[in-house]
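Dear colleague,

I am handing over the structure we spoke of, and my notes on it follow below. Please read them with the coordinates open beside you.

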Amino acid sequence: MILANNFQTEYQSIQKEIDDAIHRVLTSGWYILGKEVEQFEQEFAQYLGVKHVIGVGNGMEALQIGLMAMGIGPGDEIITTPLSAVATALAISNIGATPIFADVDEYYHLDPTCVEKLITKKTKAVLPVHLYGQPVDLDGFRLLCKKHKLALIEDAAQAHGAEYKGRKVGSFGLFSAFSFYPTKNLGAFGDGGAIATNDDGLRDSCSMIRNYGQKKQYEHLVRGLNSRLDELQAAVLRVKLIHLDEWNEKRRNIAQKYNEAFNNHLNISTPRERSNTVHPYHQYVISVESRDALISELRNKNITTLVHYPIPIHRQPCYAEYNNLDLPKSQFATKNILSLPIHPFMTTGEVGQVIKEVLNLTKL
Ligand SMILES: Cc1ncc(COP(=O)(O)O)c(C=O)c1O
């Protein structure tokens, strides 16, 4: 079976480093918000080229805590994309603010032109998602946010190591949010997330909010959450961060092989790469007309594929008040997109097998 991920092989490839790191934490006697989290925060900040990283419980709460730290709440609008994990919108709704959905561009990303039409007096921030790992049009968003005096927030949950004009994504917005869910390019052995920012005040607020709103023990300045990255996950992430660039390069090599095989195929649209970017291929997403048939035929050939995402957020039952909204490009995408297996531990044989079967099944 060719899977979307192979966590066992990944673990085996770095077993000694991981086991040592876990042993170090277990014998330290300190399991929450200690030296490992502090070290990871510093190492990831250095990797991203930002001043501060704050480790939190997961990617959704990274977004939510950052928004809370900005003072966002009821009556405020945040413009975002309907083509993302639902967590992007939930982070906004969970604090009583209103997500406003704008349509996507040909890269499946929030389109700055569509965003501009939706800006009102209530708009406080624009929240694009570096979907599939590929950087969004950051120049476009920075210009737009400057023009309308809005904050730019990056959902970088899928984009560890992605670069835009030579700079790591996650370093462009007022803050950015990362997820370390196990499937991510930098994944923990459980839940984890982080906020990255260059803003000292925002860093202080986020640090308080993740820990019950306390600045010093038992003195609570704001009503916070319990959203703390734990020492075990931080120790694991410190090991994996060392391998991230090498693993991303392997993903890029597989993407290149897929591109070579599918680029001139009339029935398959391959992913477009933005110029001046490094795309770490969290997902390799093609678009085909008879997507659902292809999924089941590939499953019969023991190849697992996924759809990111089959329902746009504005059409989800939990967002019933938006269900009549018409965002044609997002809606069209959800019917045709298909994520092929891509991870650093795929063998050349497996990549070849996927290519062979996809070509066979999409023959003209
Ligand atoms: C784009 C995006 N944003 C936010 C999240 C939320 O991250 P987490 O699952 O760690 O809460 C995810 C994770 O699936 C994601 O892909």
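This is a predicted model: local features need pLDDT of at least 70, side-chain atom pairs count only at pLDDT 80 or more; totals for chains, interfaces and linings use all residues.

The crossing of helix 9 and helix 12 is right-handed. To this contact helix 9 brings I254, K257, Y258 and A261, while helix 12 brings V351, I355 and L359; by class, the residues of the contact divide into six nonpolar, no polar and one charged.

Turning to the strands, there is an open sheet formed by three of them in the order 12-14-15, with antiparallel pairing. Strand 12 (268–269) and strand 15 (337–340) are the edge strands, each of which pairs on one side only. Between strand 14 (residues 284–288) and strand 15 the antiparallel pairing runs over four bridges, and S287 stands opposite I337 in strand 15.

As for the ligand, 15 residues surround it, and the closest are N58, G59, A87, A157 and S179. The elements that give two or more residues to this shell are helix 4 (59–69) and helix 5 (87–93). Sorted by class, the residues of the shell around the ligand comprise six nonpolar, seven polar and two charged.

Definitions and conventions:
Residues are numbered from 1 along each chain as its sequence is written. A residue is near a molecule or strand if its C-beta atom, placed from the backbone, lies within 6 Å of it. Ala, Val, Leu, Ile, Met, Phe, Trp, Tyr, Cys and Pro count as nonpolar, Asp, Glu, Lys and Arg as charged, and the others, Gly among them, as polar. A crossing is left-handed if the near helix is turned anticlockwise from the far one by less than a right angle, and right-handed if clockwise. Two residues are in contact if their C-beta atoms, placed from the backbone, lie within 7 Å. Two strands pair if DSSP finds at least two bridges between them.
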